[in-house]
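Please keep the sequence and the structure in view while reading.

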Amino acid sequence: YENGTVDVLPYGTVENFDVPRLTAMDNTCVTEKGHEYFSPFAMLWMNNREGPTADKRFRQAVMYAMDRNFQRDVVWNGFGNVATGPVSSKTNFYSDDVTIYDHNPEKAEELLAEMGYDGEEVRLLPLPYGETWQRWAEAIRQNLSEVGINVSIDSTDVAGWNEKTSQWDYDMAFTYLYQYGDPALGVSRSYMGSNAAPGSPWNNVANYQNPETDKMFEEAALMANPDDRKAAYKTIQDQIVSDVPNIWLLELGFPTIYRCNIKNPVNTAFGVNDGFRDVWIDTK
């Protein structure tokens, strides 16, 4: 891009920390539109089976300990939104009328004291997708250490990450998943008890088990009336936010960087994945 060989940089092409320098170049435009359908959603899988992470109070403490605004503004260059719960604001039936876990280290310390956390080491597994994710893991480790949580970073490659998460060999593990516009497609898979099985890093890896929400997910997926579905998913979000089986980080904003004379490169909710039929080059 810098030497003129290419004109469009889709998301993931460059590290986040290179984005400010590139977008400051002449004849350069940037947009984070084009991912509304996918709704990429970053979170930490939490091991609900054993160890400190199996205690809801520990998971709540982690939510309160993190400065997610810093994560968005510094690690992610201001792109995206801080997540309020398991459903993205770009996904149907999203509700922000839920308990909000703001940055509250004092509350985190109270919860850790209540559960009797004794400083047991907790392993954090970053996504092996580049330096940005490693820096994100270090930022979270810093936040957690400030409230007394003993975190080690367990780095690996892509194959190792897949193996560790699919075989439940982790305490906290980064992931991001697509929600595809509807909770029945991209949310329920992460929380249905029947979807917790070893062998896949993309199912209910945390092993969240709640028969009530399982039943509600099944019923909501079959409802024909949108208002009924909205009410059902509101109840589901309330319950999951209370149980906090995973740690919600950011609704990821993926920048597409392009030369400003490339017109209309992002024109649907699929972004550059949707083809360049309606894209043109302004040669004036």
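## Terms and basis

Two strands are said to pair if DSSP finds at least two bridges between them. Helices (H or I, at least four residues) and strands (E, at least two) are DSSP runs, numbered from the N terminus. Strands of a sheet pair through backbone hydrogen bonds, either parallel or antiparallel.

The model is predicted: local features need pLDDT of at least 70, side-chain atom pairs count only at pLDDT 80 or more, and totals for chains, interfaces and linings use all residues. Residues are numbered from 1 along each chain as its sequence is written, and side-chain values use heavy atoms, with hydrogens and water left out.

S1 and S9 run antiparallel and are joined by two bridges. Across this pairing, Val8 stands opposite Tyr258 in S9.

## The disulfide

A disulfide is a pair of cysteine sulfur atoms within 2.5 Å; by this rule the count is one. The bond joins Cys29 to Cys260, with an S to S distance of 2.1 Å. It links distant parts of the chain: Cys29 belongs to strand S2 (residues 28-31), while Cys260 is in the loop between strand S9 (256-259) and strand S10 (262-263), and the two are 231 residues apart.

Why is the disulfide of Cys29 and Cys260 called right-handed? The torsion about its S-S bond is about 115 degrees, so the disulfide is right-handed. Cys29 is partly exposed, with a relative accessible area of 24%. On this scale, buried means under 20% relative accessible area, exposed over 50%, and partly exposed in between (1.4 Å probe, protein chains only).

## The six-stranded sheet

A second open sheet contains six strands in the order S4-S8-S3-S7-S5-S6, and its pairing is mixed. Its edge strands are strand S4 (81-82) and S6, each of which pairs on one side only. Helix H2 (residues 56-65) packs on this sheet and touches S3, S5, S7 and strand S8 (247-251), where contact means heavy atoms within 4.5 Å. The direction of H2 makes about 30 degrees with that of S8; axes are lines fitted to C-alpha atoms, for helices over the stretch in contact, and angles run from 0 to 180 degrees between N-to-C directions.

Strand S3 (residues 41-46) and S7 are antiparallel over six bridges, and Phe41 has Leu177 in S7 as its bridge partner. Strand S5 (residues 122-125) pairs in the parallel sense with strand S6 (residues 151-153) over three bridges, and with strand S7 (residues 172-177) over two. Leu124 is partnered by Ile153 in S6, and Leu125 by Ala173 in S7. Together, S5, helix H5 (residues 131-145) and S6 form a right-handed β-α-β unit: with the strands pointing away from the viewer, the path from the first strand over the helix to the second runs clockwise.

Which residues of helix H4 (residues 105-115) are buried? They are Ala108, Leu111, Leu112 and Met115. H2 is included in what covers them.

On the other side of H4, Glu106, Glu110, Ala113 and Glu114 are exposed. Gly116 follows H4 and has a positive phi, near 80 degrees.
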